[in-house]
Amino acid sequence: DVYKRQEEIDAQKTKEIYNYVKANIQSQIGAYIFASRSYLFTLDQMKELFASVKPEYKTNERMAKLEARIQALDATTEGKVFTDLKGKTPDGKDAALSDYAGKGKYVLVDFWASWCPPCRAEMPKLVEAYKQFGTKDFEIVGISLDRTNEDWVKGIKDLGITWAQISDLKFWDSELAGAYGVNSIPHLVLLDKDGKILARGISADEAVAKLTELLK
């Protein structure tokens, strides 16, 4: 299987990069490669490597951003209570994740954007899930990384999205995405009825499978 072979090659490459960074983390080059390839590593690996970076290398902007991301990921791991997000709805009203989360419903938080092809590809599955589960103890909250309100509104209409939407319209500088350490989309976070994080970084199919189990 070609995909399986590719996965094995990628995993081996990641392992080699990790081992190199770990061996050289106290040097400037090691710290640089760590900062630029951190997306390859698990949270535990990032925490371990960051602890070994020399203080003088921790002051540059890229490393400061990485530290903030590690803290955000650590605060939003499975089992933790959700971090609240505040922004605007497409019609300019104030809205927060806490308007929905922790209120007795399972909540699927969908980090997405209208400009993101993989988000658009996954969206029909979420639309179907919302039709299937929407009347039960379930809600979806979209967190958009769009740049303009026009694009965001058009994306919502074109994709048939009927659930709540929140954004700060700051693209990759979104404080809402930053609060969860999200650096690629789509990114789904499933919350239980009390607002605890059940799963994150799951696909739409995995979300549907979990919800089918929870809402049967």
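Asp74 is partly exposed, with a relative accessible area of 28% (buried means under 20%, exposed over 50%, and partly exposed in between, using a 1.4 Å probe and protein chains only). This is a predicted model, in which local features need pLDDT of at least 70 and side-chain atom pairs count only at pLDDT 80 or more, while totals for chains, interfaces and linings use all residues. Residues are numbered from 1 along each chain as its sequence is written, and side-chain values use heavy atoms, with hydrogens and water left out.

The partner of Asp74 is Lys47: their side chains meet in a salt bridge, 3.0 Å from N to O (a side-chain nitrogen of Lys or Arg within 4 Å of a carboxyl oxygen of Asp or Glu). Lys47 sits in helix H3 (residues 43-52) and Asp74 in helix H4 (residues 61-75), so the bridge ties together parts that are 27 residues apart in sequence. Helices (H or I, at least four residues) and strands (E, at least two) are DSSP runs, numbered from the N terminus. Lys47 is partly exposed as well, at 33%.

By the salt-bridge rule the count comes to twelve. Another of them pairs Lys125 with Asp205, at 3.2 Å from N to O. This one links distant parts of the chain, with Lys125 in helix H5 and Asp205 in helix H8, 80 residues apart. Lys125 is partly exposed at 35% relative accessibility, and Asp205 is partly exposed at 46%. Then there is Lys170 with Glu175, at 2.6 Å from N to O. Here Lys170 is partly exposed at 37%, whereas Glu175 counts as exposed at 54%.

A polar atom of the Glu122 side chain lies 3.1 Å from the backbone nitrogen of Ala204. Neighbours within four places in sequence aside, Glu122 is in contact with Pro186, Ser203 and Ala204 (contact means heavy atoms within 4.5 Å).

Methods:
Polar contact = N/O pair within 3.5 Å; in protein donor to acceptor, adjacent residues only side chain to side chain.
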